Amino acid sequence: MASEPGQTPNPSWFTPKRLLLIFCVINTINYVDRGAIASNGVNGALPTCTDDSGVCTAGSGIQGDFNLNNFQDGVLSSAFMVGLLIASPIFASLAKSHSPFRLIGVGLSVWTFAVAGCGISFDFWSITICRMLVGVGEASFISLAAPFIDDNAPVAQKTAWLATFYMCIPAGTALGYVYGGVVGSQFHWRAAFWGEAILMLPFPILGFVMKPLQLKGFAPLESKKTISSIETNVSEHGEVFLIDDGVLAQDQAFIRGTRSTSKLRNQFTRFSKDMQELLYDQVYIINVLGYISYNFVIGAYSYWGPKAGYSIYHMSNPDLLFGGITIVCGILGTLGGGLILDRMTSTISNAFKLLSGATLLGAIFCLVAFLFKNLSGFIVFFSIGELLIFATQAPVNYVSLRCVKPSLRPLSMAISTVSIHIFGDVPSAPLVGVLQDRINDWRKSALCLTSVFFLAAGIWFIGIFLRTVDLSTEDDEDQSATSLRGKMKPLLEGNSDASSQA
């Protein structure tokens, strides 16, 4: 990226590909945590006793140590959503006034300490609170990473770069299954969390020491600081007061006292307007609704998959098998989806075509897979189904980035992520747990769950017929700041070059 006037120059070692690599590693570690807590090695099982022989098996992992039922066990997979729900819009809004990389540093610091806290938890509530804080840490990253990648990717490969980033979701989850199974069985389930914290530790440090980069659609921080200083000297009636520069300043104490209140009010007003713009965007709403339905299934698959596989097909090592299928099909499917969309010409309409078609075919293959009585048939059809299902990762996030103006991208990604979790995988894990407790048949539970994919395909099919416009090239920097620069030109003369870059 070339440095522009008014922007902080990039470090010489920093390149777009290194930016992508950093984000991919962080995303992978984040999803290793998701996979690890669902693995049999970490999640474990309740103690069991056979009626015939009377032989009892001791409980293992989190579920065995804390004596959790399936509903409580499902809650653990969803607890991070509480922190994510609260913090995501906050971090997305703060990106307009603070360095995004500093925000990522703060969030990943919280994530690191929270994951380490999971390793020293002592009951259901203590580990649940730590999982909530994991969501706070994740919130800073998920809303800002994709816009940075979109800004820095080559024009002809933007979807492929997004696919590379989102490939880390299935890859990380699958590695988490294997990692959790190995560490949990060889050492202890607590050691798995401590290992994750150590792996993540360098990245919050990097977020604090790295020179800040500028997101498209946002003014440089220097311009924001200048404008902010001018705003504090403008009364509500438009009168200008210069302080400490030889011109009389009237009511300085009042101005200082109301500055913080005015700033908070302006941020809240801006956030409300941004949210209203998102909620009135039909393309965005259809995309997110389809994504919610899709993630409802994916979330339950990732959490209950190993247990369901063990119960239905008596797999000797379900963590390794599900992890292997997910990592291979996840990587190939996600990259394939991005490359196919680039080949089709990356448009929002083409993205919806790929989303609906791949999800429909994937749903058919996954549904048939669970009807097989033998393990080999299940593996073949489920692998093809997952290959198709994961082809949606890049297109669905491409739509979320391209159907809104550049300055709305962090909020767009934040609300999309919050929505797919709070209405998707957060309720799906405990609901499937309740369903399984009631019918006690993992095959039927899996078939009921998989059928929700058809709903996602139908919703995305509607998106093909919507009027779509790619807004990613709009220059929509804060109009109030632009207006202020025009009115206060004599006072901003020394910073006009920097401000003009906004």
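User: How do you know whether Tyr 294 is buried or exposed?

Analyst: Keep in mind that this is a predicted model. Tyr 294 has a relative accessible area of 0%. Buried means under 20%, so Tyr 294 counts as buried.

User: And what makes Phe 453 buried or exposed?

Analyst: Run the check again with its own value. Phe 453 comes out at 1% relative accessible area, and the cut-off for buried is under 20%, so Phe 453 is buried.

User: Why are Tyr 294 and Phe 453 called an aromatic pair, and what makes the pair tilted?

Analyst: Two numbers settle that. The ring centres of Tyr 294 and Phe 453 are 6.0 Å apart, and rings pair within 6.5 Å, so they form a pair. The angle between their planes is 50 degrees. Stacked needs under 30 degrees and edge-to-face needs over 60, so this pair is tilted.

User: What makes you say the pair links distant parts of the chain?

Analyst: Look at where each partner sits: Tyr 294 is in helix α15 (residues 282-313), while Phe 453 is in helix α22 (residues 452-463). They are 159 residues apart. Both also belong to one aromatic cluster, whose members include Tyr 291, Phe 382 and Trp 460.

User: How many aromatic pairs are there in the whole structure?

Analyst: A search finds 17. One of them is Trp 189 with Phe 193, at 6.2 Å centre to centre and 85 degrees between the planes.

User: How do you know that the charged end of Arg 34 sits over the ring of Phe 80?

Analyst: The charged end of Arg 34 is 4.1 Å from the centre of the Phe 80 ring. The distance limit is within 6 Å, so that part of the test is passed. The direction has to be within 35 degrees of the ring normal as well, and Arg 34 is listed as sitting over the ring.

User: Where else does Arg 34 turn up?

Analyst: In the lining of the largest cavity, which has 39 residues; among those nearest its centre are Arg 34, Tyr 31 and Asp 425. The cavity holds about 600 Å³ of space. Helix α15 gives the largest share of the lining, 8 residues. By kind, the lining divides into 22 nonpolar, 12 polar and 5 charged residues.

Notes. Residues are numbered from 1 along each chain as its sequence is written. This is a predicted model: local features need pLDDT of at least 70, side-chain atom pairs count only at pLDDT 80 or more; totals for chains, interfaces and linings use all residues. Side-chain values use heavy atoms; hydrogens and water are left out. Helices (H or I, at least four residues) and strands (E, at least two) are DSSP runs, numbered from the N terminus. Buried means under 20% relative accessible area, exposed over 50%, partly exposed in between (1.4 Å probe, protein chains only). On a 1 Å grid over the protein atoms alone, a cavity is a set of points where a 1.4 Å probe fits but cannot get out, and a pocket is an open set with protein on both sides within 12 Å along at least five of seven lines; lining residues have an atom within 4 Å of a point. Grid points are joined across faces, edges and corners, and a volume is the space filled by probe spheres set on the points. Ala, Val, Leu, Ile, Met, Phe, Trp, Tyr, Cys and Pro count as nonpolar, Asp, Glu, Lys and Arg as charged, and the others, Gly among them, as polar.
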